[in-house]
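Q: Before we look at the model together, could you show me how to read its features one at a time, giving the general idea and then the case at hand?

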Amino acid sequence: MTTPQASSDSTNSSSTETVRVVIKGRVQGVFYRNWTVENATQLGLKGWVRNRRDGSVEALLSGDANAVKDMEQRCRRGPPEAMVTGLEVFPSNDDPGTEFQRKPTV
């Protein structure tokens, strides 16, 4: 006789998280956006990435909470030519869309 698993079993439920991150440093002109799209897609995340006129890069990351945390850590390093000096993370209720994409500079 088998007993049903409790609904709180972590293998049955996955928590979704959406955050907005702002990455500062030498992050424009070093393929940071393309790198972000590749890494986020690899992790199964939805959202977007864009340059900002102040020289930073902004991204919306949405998906499995563990994948979002993994992507935050990757963003702290960035691609080989980047030099990240700061990363700010904000909770977000924005709609991430259905895939991960590049958006125009704001």
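Q: Is Glu 58 buried or exposed?
A: The general idea is a set of cut-offs on relative accessible area, where buried means under 20%, exposed means over 50% and partly exposed is what lies in between, computed with a 1.4 Å probe and protein chains only. Glu 58 has 2% relative accessibility and therefore counts as buried. Keep in mind that this is a predicted model, in which local features need a pLDDT of at least 70 and side-chain atom pairs count only at pLDDT 80 or more, while totals for chains, interfaces and linings use all residues. Residues are numbered from 1 along each chain as its sequence is written, and side-chain values use heavy atoms, with hydrogens and water left out.

Q: Which residues form a salt bridge with Glu 58?
A: Side chains of opposite charge can pair when their charged atoms come close. The term salt bridge is used for a side-chain nitrogen of Lys or Arg within 4 Å of a carboxyl oxygen of Asp or Glu. Glu 58 meets Arg 50 in such a bridge at 2.9 Å, N to O, and it also forms a salt bridge with Arg 52, where the closest N and O atoms are 3.3 Å apart. Arg 50, at 16% relative accessibility, counts as buried, whereas Arg 52, at 26%, counts as partly exposed.

Q: Which residues are linked with Glu 58 in a network of salt bridges?
A: The network links Glu 58 with Arg 20, Arg 50, Arg 52 and Asp 54. The structure as a whole holds eight salt bridges.

Q: Where do Glu 72 and Lys 69 lie?
A: Helices (H or I, at least four residues) and strands (E, at least two) are DSSP runs, numbered from the N terminus. Glu 72 and Lys 69 both lie in helix H2, residues 65–77, and are three residues apart, about one turn of the helix. Their side chains meet in a salt bridge at 3.9 Å, N to O; Glu 72 counts as buried at 6% relative accessibility, while Lys 69 counts as partly exposed at 43%.

Q: In what order do the strands of the sheet come?
A: Two strands are said to pair if DSSP finds at least two bridges between them. Here five strands form an open sheet in the order E4-E1-E3-E2-E5, with mixed pairing. E4 and E5 are the edge strands, each pairing on one side only. Strand E1, residues 16–26, runs antiparallel to E4 and is joined to it by eight bridges; Val 21 has Val 89 in E4 as its bridge partner.

Q: Which strands does H2 touch?
A: Contact means heavy atoms within 4.5 Å. For directions, axes are lines fitted to C-alpha atoms, for helices over the stretch in contact, and angles run from 0 to 180 degrees between N-to-C directions. H2 packs on the sheet and touches E1, E3 and E4, its direction making about 155 degrees with that of E3. Helix H1, residues 32–42, lies across E1, E2 (46–51), E3 (57–64), E4 and E5, and runs at about 170 degrees to E5.

Q: How many aromatic pairs does a search of the whole structure find?
A: A pair of aromatic rings is described by the distance of the centres and the angle of the planes. Rings of Phe, Tyr and Trp (its six-membered ring) pair if their centres lie within 6.5 Å, and planes under 30 degrees apart count as stacked, over 60 as edge-to-face and the rest as tilted. The search finds one aromatic pair. This pair is formed by Tyr 32 and Trp 35, which are tilted, with 5.4 Å centre to centre and 55 degrees between the planes. The two residues are three apart in helix H1 and so are separated by about one helical turn. Tyr 32 is buried at 1% relative accessibility, and Trp 35 is buried at 16%.

Q: What is the phi of Phe 31?
A: Most residues other than glycine have a negative phi. Phe 31, although not a glycine, has a positive phi of about 65 degrees. Phe 31 is placed in the loop between E1 and H1, and it is exposed, with a relative accessible area of 65%.
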